[in-house]
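Work through the exercises below with the sequence and the model in view. Each task is followed by a solution in steps.

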Amino acid sequence: MPHSIDESFLALPLRALADAALARARALGAEHADFRFERVRSASWRLRDARLAGSSDTTDLGYAVRVVHGGSWGFASGVDLTPDAAAAVADRAVAMAKLSAEVIAAAGSDERVELADEPVHADRTWVSAYETDPFDVSDTEKRELLAEWSSRLLAADGVAHADASLLTVRENKFYADTAGTTTTQQRVRLHPQLTAVAVDPETGEFDSMRTIAPPVGRGWEYLTGTGWDWDAELAELPSLLAEKMRAPSVQAGAYDLVVDPSNLWLTIHESIGHATELDRALGYEAAYAGTSFATFDRLGELRYGSELMNVTGDRTAEHGLSTIGYDDEGVAGQSWDLVRDGVLVGYQLDRRIARLTGFERSNGCAFADSPGHVPVQRMANVSLRPAPDGPSTEEMIGGVERGIYVVGDRSWSIDMQRYNFQFTGQRFFRIENGRLAGQLRDVAYQATTTDFWGSMTAVGGPQTYVLGGAFNCGKAQPGQVAAVSHGCPSALFRGVNILNTTQEAGR
């Protein structure tokens, strides 16, 4: 049954504040103004060896006014919930726009902020797909479940320690602008994670392995049976860790890779997701983790990968962490192609970048992580599409004579252009003559973005597709954090360079 917007949020003076702020912005001559009210509640729990090690429960509440005045941006925020205070925030936003215009003119630029058109969405409501709001579940029940899961790991042979954590977020937003759009939204998300640690008592050598269950835009039901088999994962984790402790170190060289969705999502995030943010490709986002090799002049021409590569940007995927009804510029959620048949055909856009580069419409990628931050262009759910009749993971492994099967994400490194990278993982299994032949340690795969995706020779079918993701994608200055999902099937890559991380560290 679909949920409705929390009544306590609707009881706040949302429209009165918006009306006061927008009316003041109009009176001061703003070409555009928008008002955004947010209430974001975030709670977390951390357990060490089944005992509570820390918890938090915070709420960020306030509102922001953004204007275009004289062709420049202005922004201000506030927390005083009176119409007079909201009008004063609009005053400050316009004053900031005027100051920005002076600075831009002094720098010799005549660039003006203009926004791509968007249909008016009046009085729209959207709630994400979930069954049980995690904030309706008692703290005691959350702690007890994490403690019970930790105890299962600790009871297994070879597990010396167990860490458990749970992050939960409920986000409410009200948006209104001078064009007439008004939207009210609510979404929840959570991220459970458990890690088992093994220690060799004789040598002191240690290693760890954590669950590969992804964070999701779901409710408490995700931990109690819907969407993931927690019992199965917790049961196999200790034996997998014990095998990893005994595993030999990898020999560096070229290998065929079968990459599981639990690892491949992060490679997509870093080498495709960030690279196809158009503000980054244009050079507007350069200070925080660089620009992009996928420059705008190569749209429609850049061979990103093999012809099997089809990647979408999507703000509508069910349970996606970046799924919304409307973004922070009042743009409706959409799905579109970024890479089609291996060729770059699209970017992620907000309204300003869309107009600046000749696109008719934004694809809804403006987001701010709090009422005190200005919306910036942020990542959609960027996903590699499965092949409709594609093989299973087992069939891909069966077609490899000498290779490695990669499961789970761990550390990563990528350059400022999103081009040269290396990734590690949670588990690496040697493939010999089409069969798994035990785990390997100290593995990292290294490539350039186009070489890696160009080496993809098989894409798994829908039965292998999993929506992975993260809560902590960073961008902008001051820094902002956003949650984002990346769906993908298993995939086969030929002749990828494998590094031995212990040998690399010793150089």
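**Exercise 1.** Is S150 buried or exposed?

*Solution.* The model is a predicted one.
Step 1: locate the residue. S150 sits in helix α4, which covers residues 139-154.
Step 2: apply the cut-off. Buried means under 20% relative accessible area. S150 counts as buried because its relative accessibility is 0%.
Step 3: list the neighbours. Leaving aside residues up to four places away in sequence, S150 touches A50, A162, A164 and L194.

**Exercise 2.** Describe the second largest pocket: what is its volume, and which residues lie nearest its centre?

*Solution.* Step 1: give the volume. The second largest pocket holds about 810 Å³ of space.
Step 1: name the lining. There are 34 lining residues, and W73, R352, V374, P375 and V376 lie nearest the centre of this pocket.
Step 2: trace the lining to elements. Two or more residues each come from β3 (72-78), α3 (83-106), α8 (351-356) and β13 (376-377). The largest share, four residues, belongs to β3.
Step 3: sort the lining by class. It divides into 16 nonpolar, ten polar and eight charged residues.

**Exercise 3.** How many cavities of 30 Å³ or more does a search of the whole structure find, and what lines the largest cavity?

*Solution.* Step 1: count. The search finds three cavities of 30 Å³ or more.
Step 1: take the largest cavity. Its volume is about 80 Å³. It is lined by 13 residues, with E171, K173, Q185, R187 and I324 the closest to its centre.
Step 2: assign the lining to strands. β5 (161-177), β6 (182-199) and β12 (366-367) each supply at least two residues. β6 gives the most, with three residues.
Step 3: sort by class. The lining of the largest cavity has five nonpolar, two polar and six charged residues.

Notes: Residues are numbered from 1 along each chain as its sequence is written. This is a predicted model: local features need pLDDT of at least 70, side-chain atom pairs count only at pLDDT 80 or more; totals for chains, interfaces and linings use all residues. Side-chain values use heavy atoms; hydrogens and water are left out. On a 1 Å grid over the protein atoms alone, a cavity is a set of points where a 1.4 Å probe fits but cannot get out, and a pocket is an open set with protein on both sides within 12 Å along at least five of seven lines; lining residues have an atom within 4 Å of a point. Grid points are joined across faces, edges and corners, and a volume is the space filled by probe spheres set on the points. Ala, Val, Leu, Ile, Met, Phe, Trp, Tyr, Cys and Pro count as nonpolar, Asp, Glu, Lys and Arg as charged, and the others, Gly among them, as polar. Buried means under 20% relative accessible area, exposed over 50%, partly exposed in between (1.4 Å probe, protein chains only). Contact means heavy atoms within 4.5 Å.
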